[in-house]
Amino acid sequence: MTSGTSRLLMLALFLGLNGFGVMVAIQAPELPYGGLAPWILAGSMSLALAAGTWWLRAHMVARMLLTGAILRLAPKHLPRRRDHTFLGYAFLWRREHAERLYYCVARGIEPPEEQQVRFGGNTLLHGLGMLSEKPLFISDARRTHHTLVLGSPGEGKTRFIELVIRQLIEKGDVVVIVDPKGDKRLINTVKQVCEETGRDQAFRIVALPWPMASCAYNPLANFSVPSEITDRIMGIFPPATGESESFRGFQWGATNAVVQILYACGIPLTIERILRYLRKPGQLFLEAMERRAPEMARLDLQSAVKRYQAMVESGALRKSKEFGDLLHYITEYKPDHYHKMVASLIPQLERLAAGVKQDLLSPESDSPRRPLTWEAIDRQKLVVYFYLGSLHGEESANAVGKMLLLDFEAYIASRYSYDPDARNRRISLFVDEAHHLVSRTFLHILAEARGADVAVTLSTQTTAQFEQVFGSRAAVDEIVTQNFLCVQFQSRNPRECKDFSDLAGEREMRVVGESHRYEPAFFSSGFRNVEDFRAQYTQNISYREAPLVPAWAIASLPTFHYFARLGGRIMKARVPLVDEPTCTYAADLQRGAAA
Ligand SMILES: Nc1ncnc2c1ncn2[C@@H]1O[C@H](COP(=O)(O)OP(=O)(O)OP(=O)(O)O)[C@@H](O)[C@H]1O
Ligand SMILES: [Mg+2]
């Protein structure tokens with residue numbers, strides 16, 4: 001029905017109902033039961049008013065759907081509820097919405113093409129239940145059951161995260177944002193909300209491209225056993241295959257030998273130090289021996305090794321596994337061979353330890369920049385933004401991101417075991433472009449973090465990207481099932497659309513079949529009469545299983561619209577675009593860096 005026809009019909013209904021009431025009131029003395037006239041008048045007027053209001057609301061919704069306007073909200077107008085976080089406006093997507101959707105598609109009912117192009121998708125999807133749309137909240141306790149945000153580029157993932165982060169900063173939570181790409185608007189929003197909520201002192205930024213403003217941070221600070229650090233360093237490489245496997249094995253062993261000795265001597269582990277000694281294991285041996293037996297101070301490497309072996313044999317020095325392992329790499333391999341074997345590891349570590357990155361990522365206790373620690377972030381309730389600057393160097397950014405997530409995991413494990421008060425301090429971790437940063441070990445965090453009151457939000461374009469990292473679909477399924485809330489924006493990846501559709505499952509849908517049959521008179525009766533003219537209309541209803549959210553619906557979601565699986569429920573929702581921050585922090589930092 002066109003908007004003009006519906007307007008005319010509504011006007012006729014409105015006037016008709018009111019006219020009927022008035023007529024009854026005028027004619028009341030002559031009508032049987034005329035005493036009821038005031039009631040009939042009131043009833044018909046209320047009915048007209050209700051129908052008018054309903055139509056007006058439907059009309060407004062239809063207009064909104066036709067314009068598809070992005071819902072813009074000022075921060076003060078965001079719905080709020082105690083101990084809950086607002087996720088957008090949504091309605092419960094039920095079987096009847098899916099049935100209506102199938103019905104519309106079958107009859108070719110959809111918004112005009114130009115509107116779909118303008119808003120990036122089919123706004124009708126939300127229109128199917130928009131009248132019952134309400135603010136969607138998630139309880140903060142449930143948030144620690146984690147969130148996964150999926151969608152193609154430019155569909156609203158970061159804006160969704162921004163909406164949540166803003167509320168958590170307002171609530172006083174510990175918030176940690178890991179952003180490989182550097183979303184300027186997100187940086188500005190975080191800074192501005194910190195200022196507005198009196199948490200400016202709690203704001204910290206670790207920004208590899210902007211060293212002037214950046215805090216220092218050592219991604220090797222937390223671990224329970226030293227070999228975790230070796231795994232963390234080797235984890236920055238893609239899984240080894242074929243010939244490279246033997247190189248990788250050697251590199252793991254050599255790195256572990258260095259890490260063990262440093263740990264045994266009580267020397268802090270930093271990327272720069274590990275790199276330095278990986279290049280010169282002999283020097284490490286000399287320095288470490290000097291700590292054990294100062295009389296070896298002025299010996300050369302060969303004499304020191306001989307002296308060490310003699311002292312161990314005579315029982316003057318306790319045999320140590322750490323020294324034994326390091327000696328293995330010094331004495332069993334010719335220096336040339338050793339350097340050839342570790343050659344591919346060195347440049348990667350150099351990238352993380354060269355120039356200003358040494359100050360930022362390998363801080364010493366006496367460095368001018370006081371390093372940021374997870375303990376400080378947690379206990380001082382900080383808001384930390386890790387801007388890794390993948391646009392300036394993707395490999396280094398991803399390597400740092402991976403290490404910092406594992407460092408966080410190690411901190412959480414110790415917090416969980418040794419800090420009973422930690423329950424009062426929830427940590428919310430947001431990882432944008434997560435597929436670059438998560439590793440197999442990080443999967444544990446999702447399971448462990450729940451008990452430690454840590455809420456993780458991962459955002460990525462497709463789960464296929466996780467599959468690439470983990471090398472198995474089972475690991476991806478683990479990530480998806482570990483999340484209580486799964487938010488799916490438009491995806492242009494068919495597999496991704498199907499995955500969410502499968503997640504929502506199938507339902508018995510009502511399928512309405514229609515048929516019309518006309519038998520004009522002259523077929524059987526010639527021109528004599530039309531008595532046997534027949535028209536037949538049949539409608540039959542059957543039920544068949546069909547997806548609650550068809551894959552093609554996900555592929556045609558407009559920008560800022562999403563489907564969500566929240567626990568066992570499927571919601572259709574849209575994210576409001578909160579006002580652009582006025583803060584120009586990111587641009588100021590960039591100017592400072594350029595200057
Ligand atoms: N002020 C604004 N008005 C209208 N649209 C905006 C505004 N700011 C951003 N957008 C739109 O928001 C979308 C970007 O959203 P967002 O950055 O959240 O995407 P994303 O899913 O994180 O993408 P990516 O994977 O590339 O990071 C773009 O389509 C952009 O056109
Ligand atoms: Mg983004």
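Visitor: Two strands count as paired if DSSP finds at least two bridges between them. With that in mind, which residue is the bridge partner of F91?

Guide: The bridge partner of F91 is K572, in β16. This is a predicted model, in which local features need pLDDT of at least 70 and side-chain atom pairs count only at pLDDT 80 or more, while totals for chains, interfaces and linings use all residues. Residues are numbered from 1 along each chain as its sequence is written, and chains are lettered from A and ligands numbered from 1 in the order in which they are written.

Visitor: How are the strand numbers assigned?

Guide: Strands (E, at least two residues) and helices (H or I, at least four) are DSSP runs, numbered from the N terminus.

Visitor: And how many bridges join β2 to β16?

Guide: Four bridges join β2 (residues 84-92) to β16 (residues 569-574), and the two strands run antiparallel.

Visitor: Changing topic: which residues are closest to ligand 1?

Guide: The closest are P153, G154, K157, T158 and R159, among 13 residues that surround ligand 1. A residue is near a molecule if its C-beta atom, placed from the backbone, lies within 6 Å of it.

Visitor: Which helix gives the most to that shell?

Guide: Helix α7 (residues 157-171) does, with three residues. By class, the shell has three nonpolar, six polar and four charged residues. Here Ala, Val, Leu, Ile, Met, Phe, Trp, Tyr, Cys and Pro are nonpolar, Asp, Glu, Lys and Arg are charged, and the others, Gly among them, are polar.

Visitor: Now the helices. At what angle do α9 and α10 cross?

Guide: The axes of α9 (residues 227-234) and α10 (residues 244-264) cross at roughly 135 degrees and come within 9 Å. That makes α9 oblique to α10; angles under 35 degrees count as roughly parallel, over 145 as roughly antiparallel, 65 to 115 as roughly perpendicular and the rest as oblique.

Visitor: Left-handed or right-handed?

Guide: The crossing of α9 and α10 is right-handed. A crossing is right-handed if the near helix is turned clockwise from the far one by less than a right angle, and left-handed if anticlockwise.

Visitor: Which residues of α9 and α10 meet?

Guide: S227, I229, T230, I233 and M234 in α9 meet R248, Q251, W252, T255, N256 and V259 in α10. Five residues of this contact are nonpolar, five polar and one charged. Residues are in contact if their C-beta atoms, placed from the backbone, lie within 7 Å.

Visitor: And how far apart are the axes of α12 and α14?

Guide: The axes of α12 (residues 281-292) and α14 (residues 321-331) are 9 Å apart, at an angle of about 140 degrees. α12 passes α14 in a left-handed crossing.

Methods. Axes are lines fitted to C-alpha atoms, for helices over the stretch in contact, and angles run from 0 to 180 degrees between N-to-C directions. Two residues are in contact if their C-beta atoms, placed from the backbone, lie within 7 Å.
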